[in-house]
Structures are given as structure tokens and as C-alpha cells.
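User: Can you walk me through this one? I'd like the overall layout and then a few residues.

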Amino acid sequence: MSYKISEIASLLESEIKGDNNLIVRGLSPFFQAKEDELTFASDEKFLHKLNETQAKVIIVPDIPLPEIGKTYIVTKMDPRKLMPKLLGYFKKSLKKMEKPIEDSAIIAKTAEIGPHVYIGHDVKIGENVKIYPNVTICEGVVIGDDSIIYPNVTIREFCELGKRVVIQPGAVIGADGFGFVKVNGNNEKIEQIGRVVLEDDVEVGANTTIDRGAIGDTVVKRYTKLDNLIQIGHNVIIGENFLMASQSGIAGSTEIGNNVTIGGQVGVGGHIKIGNNIMIAAKSGITGNVKDNQVLGGHPIVPLQENLKIQAGLKKLPELLKRVKKLENEMNK
């Protein structure tokens, strides 16, 4: 699809500084945007790097900005009010559900489809795919060859699964990310217009949920294996050969490198970067960036051996407190 930036400026009650006649084909995150896509820069992190995005059209606040060959859509609108309008405008409209398997779906002859399955418009299902009963596959989904989708799985619209992907029962791929803003004191939804992309040989455990991107995609790369009952937030990017145990979660917009292993009941904060070749012990909390080649544990995380010493020390704490109190009493006599 294509969109006139003049219409976007009118929607946002904004002024265009540059070429009024430009057309964009979509909205993308700042560093992932292509030349013919629109992006936005609402804080200093991006405003100081306007020449680092390929996008020719950028939505910016009404402040002095350098002339670098970009077209600016200058808005005075509060970002909290801008985002619901902007993402709502770019959200794709969906076709009406009419049949259990829509006529426009393309399904390989070797695919096996169980009973009570819904397959939406423009879905593409590859060779030797096996889909068990009570699965919902929404509009525009792509499923690669030799993948297995177990019962009661939901794959939301426009998500893409590679080859040999396995989705265990009850998992949800592409639910809306947790995107809300306060407008006039009320929680207002920000439409989530991205997708989930699962690359080849990914396995997703039972009742695990992977949220679609708000803008751009949530990406899980090759040979990643996720246990049951895991939550992956919107716009997370997970590297190759990632392992994560049950009851762990990753908040939105976090990037994880290759060959990372995370134990059970680990909480990973949002908007952080975790390097390559990392191991995180169970019940840890990650709140900041993590450099390559480390084995860590605890909350906040420290080198694992150090964390084990801390835990051992905590066992001695009650006795130490008694000794300190006894010494204080003796000093007061």
C-alpha cells in the first residue's frame, strides 16, 4: 500500500517541511526504516541521529532541526496522543471471515489439516505441514514446509513461520503487544501493527505467548527453543540458538544475541541489549545491558560464582544479626 504524507500531516494536525508530494508505503522503527517508509523521532536518542535512518520522511517535534535532505512532518501533538492516531491509520484492514478455510488460502497438497481448523484469507501453508484440530490461523499468515502446529494454537494475522517450526498446544503467536498510553487520564490502546517472524527450526512451548511488534516485527531467529509458559514482549529480537526455560519473560524492545541460555523464572527488562554466549541462572532479574561471554545469576545479576557466595552469606545473616545485637548490648553496659 502507499500513503500520501499530506494526508498523514493532516491527520496529525502537522506541518510538512520538505517535499509535500512524497508517498510512503508504511511505518517502520527508526533504525529499521527504508527509504520509502515513514518513521518518527520523538526523543533525544533519535533526534541526534536523524542522518542514521534511511527514511526520507520523519515525524519530529516542533524544534529546530538540521537540514539533511529529509522531509519532516513537524507536530506539536503530545506523543501520547500521536501514537494511537498514527498506528491506527497504518493498521491494515482485515477481510470478513466467511468459511472455515477461506478460498484465497494456498495450501500444499501434502499438508495435513485436522478438523475444526480455521485458515484465513491469503494464508500460505507449505509442504508436509501438519495442523492439529482447533487451530486458528488468521489472515495473511505464512507457514513454511515441514512445520507442526499442535492443537489449540492461535497464529494471528500476517505472522510468518519458517521451515520445520514446531508450535506446542495452546501457544499464541502474534497477540497484541502491551501497548497503552494515558490520554486524559484514561488508558488508551496503541494499535500493534507489526508481525511475529519465527525463523527456521524454532520451537515454541505449550501456552507460550509471543506478542506482535507495535511497529516492525518481533523476531525469533533460527534454532531457538522456548519452553512452556513463556512471555515474549513486542518488538523483541532473539538471536540464533536461544534457549529459555519455563515461566520466564522478556519485556518489549529487548535485543538478545546468539547462543544465549536463560533459566526458569527469569525476568528480562525492556529496551536492553544482551550479548552473545550468555548463561543466566534461574530466578534472576536482568535490568540492564549485558556484555558477551558471561555466566550470571541473581537479582540484580552478577557473575554466578559471586551470586552463589551471596546466597550462602544470606543463610548466615540471622546468626550474624544475633551476634551484632549481643555485641551492642555488651557495649551499652
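Predicted model: local features only at pLDDT ≥ 70, side-chain atom pairs only at ≥ 80, totals over all residues.

User: How many helices and strands in the protein chain?
Analyst: Five helices and 37 strands. Both are DSSP runs numbered from the N terminus, with helices (H or I) of at least four residues and strands (E) of at least two. The C-alpha trace spans about 85 × 60 × 40 Å along its principal axes.

User: And what share of the residues is buried?
Analyst: Of the 333 residues, 43% count as buried. Buried is under 20% relative accessible area, exposed is over 50%, and partly exposed lies in between (1.4 Å probe, protein chains only).

User: What is the strand order in the open sheet of nine?
Analyst: The order is E7-E10-E13-E16-E21-E24-E27-E30-E33, with parallel pairing. E7 and strand E33 (273–274) are at the edges with a single partner strand each, so one side of each has no neighbour in the sheet. Two strands pair if DSSP finds at least two bridges between them.

User: Which residue is opposite Val-220?
Analyst: Ile-238 in E27. Strands E24 (residues 218–220) and E27 (residues 237–238) run parallel and are joined by two bridges.

User: What does E36 pair with?
Analyst: E36 (residues 294–297) runs parallel to E34, joined to that strand by three bridges, and Met-279 stands opposite Val-295. E36 also pairs with strand E37 (residues 302–303), in the antiparallel sense, over two bridges. There, Leu-296 has Pro-303 as its bridge partner. E36 and E37 make a hairpin with four residues between them, and Gly-298 in the turn has a positive phi of about 100°.

User: Switching to packing: which residues have the most contacts inside the largest nonpolar core?
Analyst: Ile-167 and Leu-198, in a core of 47 residues. Strands E21 (196–198) and E34 (278–280) are the elements that give two or more residues to this core. A second, separate core has 24 residues, including Ile-16, Ile-73, Phe-90 and Ile-190. A nonpolar core is a set of buried Ala, Val, Leu, Ile, Met, Phe, Trp, Tyr and Cys residues joined through side-chain atoms within 4.5 Å.

User: What is Leu-198 in contact with?
Analyst: Leaving aside neighbours within four places in sequence, its contacts include Val-165, Ile-167, Ile-173 and Val-220. Contact means heavy atoms within 4.5 Å.

User: Now Glu-102. Where is it?
Analyst: Glu-102 is in the loop between helix H3 (79–90) and strand E7 (106–107). Glu-102 is buried yet has no salt bridge, and the nearest side chain of opposite charge, Lys-99, is 6.6 Å away. A salt bridge needs a side-chain nitrogen of Lys or Arg within 4 Å of a carboxyl oxygen of Asp or Glu. For charge, Lys and Arg count as positive and Asp and Glu as negative, with His and the chain ends not counted.

User: What does the Glu-102 side chain reach?
Analyst: The backbone nitrogen of Lys-99, at 3.3 Å. Not counting residues up to four places away in sequence, Glu-102 also touches Tyr-118 and His-121, among others.

User: Last one, Gly-179: buried or exposed?
Analyst: Buried, because its relative accessibility is 5%. Gly-179 is in the loop between strands E18 (172–175) and E19 (180–183).

Conventions:
Residues numbered from 1 in each chain as written. Heavy atoms only, no water. Polar contact = N/O pair within 3.5 Å; in protein donor to acceptor, adjacent residues only side chain to side chain.
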